[in-house]
Amino acid sequence: MLKIDRFYDARRELRKVLRHTSLIPAPMFSTNAEVYIKPENLQVTGSFKVRGAYYKISTLSAEEKSRGVVACSAGNHAQGVALGSQVNNIPAKIFVPSTAPISKVEATKRYGAQVVLIDGIYDDAYAAACEEVERSKAVFVHPFNDDDVIAGQGTIGLEILEEMSSVEAVVVPIGGGGLISGVAMAIKTLNPNCKVYGVQAAGAPSMAESFHNKAITASRTVKTFADGIAVKRPGDLTFQYCSKYLDDIVTVSDDEIATAIVMLMEGQKLIAEGAGATALAAIHFGKLPIKGKKVVALLSGGNIDVTILSRVVQRGLVTSGRSSELNLELLDRPGELTRVSSIISGLGANVVSVNHTRANASHDINACFLRIAMETRDFAHWEQIREAIQKAGYTVND
């Protein structure tokens, strides 16, 4: 197992490339806890992954560097390995699942690495990378199941404690477990009373299931837009660290993650990818026992593909009640739409679209249906509008 000394060695080495990411207050995510964000989305390469990847490469001997490195990644680790290889002037070949966002793939290429796209998810890219290592004898830089990588990620834990020694809980996203293994070891070694919680996407819960089953449990499939944590099987090493140091692991839905992304954009002016927002989603939706505590949530990355960002935002707006619909049945006569619209606008909502259809044979001859899409403040606001329209004599079909 690791010793804390290696974390300090990693921090010294990483000063060559890291940006300092100071804690940011985030009161909007909880009304009963004091929440702060560790914004690793602002890190060079846009994610924490550069810490572990760069430190691992820095530990290689001259002979190992001459053989080059191979890695597999959904995108963020790829960029970290590519940057580390560029700085150390060694070749890098990185296997990336075809589902990875184009933005991450192109960023990796810009650092000079050779990128090989593999059909499937992370685990398929991992298998291809292992075959390449066997063939070429290059050094494999694992994205999470490696002590040097874990030590690099653990420097985040050191930084959190140095900036806020009074922290009472730290919440961290989990994919394969490298990030939380390092952070949890650093936190628990230096401040054993601080709680450390992990968060996974409900569609990729392998570490959560392994933790609660007390045995490594692989998922048959993964289904989440949080590509950075879409891992079928946790690492052997990371499972050991999580079992030893974590207080609990919870899961959040894609809708909850999307809501957290929208909140970060609006309230904190920060862009998060799906994996990066999971910790804040767990806090906001009350998945953790943190009432009255000083909490740091790790925003692990911000490399979200702009082609899906609009869809994620729309899903987050729906989940939080910011985007809503009403389905009304009313008489098809002049002035009805104006009357309904005035009720909605009078209560401060904005009509986005209206769809009008004639009633079918089972309804009155002069009946019609309206589907009205609105911008609302929240679900309570939608309910207020619904009640007002019903009070005005219209039928609302839920």
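How many bridges join strand E3 to E6? Select E3, residues 69-72: two bridges link E3 to E6, and the strands run parallel. Strands here (E, at least two residues) and helices (H or I, at least four) are DSSP runs, numbered from the N terminus. Two strands pair if DSSP finds at least two bridges between them.

This is a predicted model, in which local features need pLDDT of at least 70 and side-chain atom pairs count only at pLDDT 80 or more, while totals for chains, interfaces and linings use all residues. Residues are numbered from 1 along each chain as its sequence is written, and side-chain values use heavy atoms, with hydrogens and water left out.

Opposite Val70 stands Phe140 in E6. Now widen the selection to the four strands of this open sheet, ordered E5-E4-E3-E6 with parallel pairing. Strand E5 (114-118) and strand E6 (139-140) stand at the edges; each has a single partner strand, so one side of each is left without a neighbour in the sheet.

**Strand E7**

Select E7, residues 169-173. Five of its five residues are buried, so E7 is largely enclosed by the rest of the structure. Buried means under 20% relative accessible area, exposed over 50%, and partly exposed in between (1.4 Å probe, protein chains only). Ala169, Val171 and Pro173 point one way from E7, and Val170 and Val172 the other way. Ala169 faces Lys195 of E8.

**The cores**

Show the largest nonpolar core, with 39 residues. Such a core is a set of buried Ala, Val, Leu, Ile, Met, Phe, Trp, Tyr and Cys residues joined through side-chain atoms within 4.5 Å. Phe7, Val167, Val170 and Leu246 have the most contacts inside this core. Elements giving two or more residues to it include helix H1 (4-14), helix H7 (147-163) and helix H8 (178-190). H8 gives the largest share, seven residues.

Centre on Leu246. Beyond its neighbours within four places in sequence, Leu246 is in contact (heavy atoms within 4.5 Å) with Ile174, Ile180, Ala184, Val196, Phe211 and Tyr241. Apart from this core lies another, of 37 residues, including Val171, Ile261, Ala272 and Ala277.

**The pockets**

On a 1 Å grid over the protein atoms alone, a pocket is an open set of points where a 1.4 Å probe fits, with protein on both sides within 12 Å along at least five of seven lines; lining residues have an atom within 4 Å of a point.

Then move to the second largest pocket, of about 170 Å³. Phe225, Asp254, Asp255, Ala258, Ile308, Arg311, Val312 and Arg315 line this second pocket. Helix H11 (254-268) and helix H13 (306-319) each give two or more residues to the lining. The largest share, four residues, comes from H13.

**Two loop residues**

Which residue in the loop between strand E2 (34-39) and helix H2 (49-58) comes next? Select Thr45, found in that loop. Thr45 is not a glycine, yet has a positive phi of about 75°. Thr45 is buried, with a relative accessible area of 8%.

Finish at Lys269, in the loop between H11 and helix H12 (278-284). Phi of Lys269 is also positive, near 60°. Lys269 is exposed, with a relative accessible area of 64%.

Terms used
Points joined across faces, edges and corners; volume = space filled by probe spheres on them.
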